[in-house]
Amino acid sequence: MKGILGKKTGMTQVFNSAGHLIPVTVIEAGPCKVVQVKIAEKDGYSTTQLGFDVIKKEKSVPKGRLGHFKKVNLPAHRFLREIKMEGFKVGDTVSVELFNKGDKISITGISKGKGFQGVMKRFHYRGGPASHGSMFYRAPGSIGSSSFPSRVWKNKGLPGHMGDERVTTKGIEVIDVKKEQNLLLVKGAVPGANGGYLIIRKND
Amino acid sequence: MDSIRIIEDSFKKEGPSFRVGDAVRVNVKIIEGDKERLQTFEGIVISRRGSGTRETFTLRKISYGVGVERIFPLYSPMIEGLEVIKQGDVRRAKLYYLRGKKGKAAKVKEKSLTTTA
């Protein structure tokens, strides 16, 4: 596995070599610093911790977290995540050059929050007819039977909070890698709002 | 957002300016297998829509008595050249009314180049 951290900039369209317009998401990916390397013998599992988005003012970082960076002589970063990759040392720079055009990658982000939503939007229930005096519009309807099971099944879709959760989209195609600007152009949409942090991974 | 503008601007190219109502000739690249050739499409611009790299224009022509419309992205790399044949004198932004007209009624008045003082 290899990966990098990034930030969603927004979406646009580009022409490919065949002259077709392709929808793309522009991601500001890296450069990330390796903040910590965990090893199985000491930490129980092995991984590489990356940091992205440097915090300029030291006083805005909690003391405890600042110590984590001070220990390895790096500036504090806003976004810290572990990615299982090997062959990196603390202090190494991970840049967007890890990826090539045409790669299939997975992107993880925090989806846009939708608030408290009903069952039609949240679970695609059909709802009832809108007219002819139906009086049954967007309600969930029956949520179970009486004698058996005499309770509501687990995972029954009911109204509640929607969005603002970790979402991974797999099999996203890399359209272009702009090394000088640390930009990644990726086909289609990516979870989360513009400016949201992303974890970009590729399985070897 | 700036990086998005840079990406979009990299596709922009210089071309002759034209307006709705103008008669325009477009050379379109056509790829057949590994060969490439040019095809011309000539018609009246009946609409321009969108902005930035997303802008498109619609050409309408009558081909063997059948109306043909084709929509081109303005900055498409498949457009090899564009020239304005005639400038039209029209009062609206979209000439969709031409679709219902035939023969002489489907003509667009040509812009008279003499300026009225």
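This is a predicted model: local features need pLDDT of at least 70, side-chain atom pairs count only at pLDDT 80 or more; totals for chains, interfaces and linings use all residues.
Chain B comprises one helix and five strands. Read from the N terminus, the order of its elements is α-β-β-β-β-β. Along the principal axes, the C-alpha atoms of chain B occupy a box of roughly 45 × 40 × 25 Å. Chain B has 117 residues, of which 32% count as buried.

The five strands of chain B are arranged as an open sheet in the order 4-3-2-1-5, with antiparallel pairing. At the edges of this sheet lie strand 4 (66-73) and strand 5 of chain B, each of which pairs on one side only. On average, neighbouring strands of the sheet are turned by 40° against each other, direction ignored. In general, the strands of a sheet pair through backbone hydrogen bonds, in either a parallel or an antiparallel manner.

Within the sheet, strand 1 and strand 2 of chain B run antiparallel and are joined by 10 bridges. Along this pairing, B:I30 is placed opposite B:R37 of strand 2 of chain B, and B:I31 is placed opposite B:E36 of strand 2 of chain B. The two strands form a hairpin with two residues between them, in which B:G33 adopts a positive phi near 65°.

Strand 2 of chain B also pairs with strand 3 of chain B, in the antiparallel sense and over five bridges. Here B:S47 faces its opposite residue, B:T58, in strand 3 of chain B. This second pairing is likewise a hairpin, with six residues between strand 2 and strand 3 of chain B. In its turn, B:G50 has a positive phi of about 85°.

The largest pocket has a volume of about 480 Å³. Its lining consists of 21 residues, and those closest to the centre of the pocket are B:A23, B:I44, B:K86, B:A106 and B:V108. Four elements of chain B each give two or more residues to this lining, namely strand 1 (23-32), strand 2 (35-49), strand 3 (56-63) and strand 5 (79-86). Strand 5 of chain B is thus both an edge strand of the sheet and a contributor to the lining of the largest pocket. Sorted by class, the lining residues of the largest pocket are eight nonpolar, five polar and eight charged.

The second largest pocket holds about 270 Å³ of space. Among the 13 residues that line this pocket, B:K13, B:E14, B:G15, B:P16 and B:L74 are the closest to its centre. Strand 5 of chain B supplies the largest share of the lining of the second largest pocket, with four residues. By class, the lining of the second largest pocket contains six nonpolar, three polar and four charged residues.

For chain A, the domain assignment gives two domains. Domain 1 of chain A covers 2-115 + 166-202, and domain 2 of chain A covers 116-162. Taken over C-alpha atoms, the centres of domain 1 and domain 2 of chain A are separated by 39 Å.

Methods: Residues are numbered from 1 along each chain as its sequence is written. Chains are lettered from A and ligands numbered from 1 in the order in which they are written. Side-chain values use heavy atoms; hydrogens and water are left out. On a 1 Å grid over the protein atoms alone, a cavity is a set of points where a 1.4 Å probe fits but cannot get out, and a pocket is an open set with protein on both sides within 12 Å along at least five of seven lines; lining residues have an atom within 4 Å of a point. Grid points are joined across faces, edges and corners, and a volume is the space filled by probe spheres set on the points. Ala, Val, Leu, Ile, Met, Phe, Trp, Tyr, Cys and Pro count as nonpolar, Asp, Glu, Lys and Arg as charged, and the others, Gly among them, as polar. Two strands pair if DSSP finds at least two bridges between them. Axes are lines fitted to C-alpha atoms, for helices over the stretch in contact, and angles run from 0 to 180 degrees between N-to-C directions. Domain bounds come from an automatic or database domain assignment. Buried means under 20% relative accessible area, exposed over 50%, partly exposed in between (1.4 Å probe, protein chains only).
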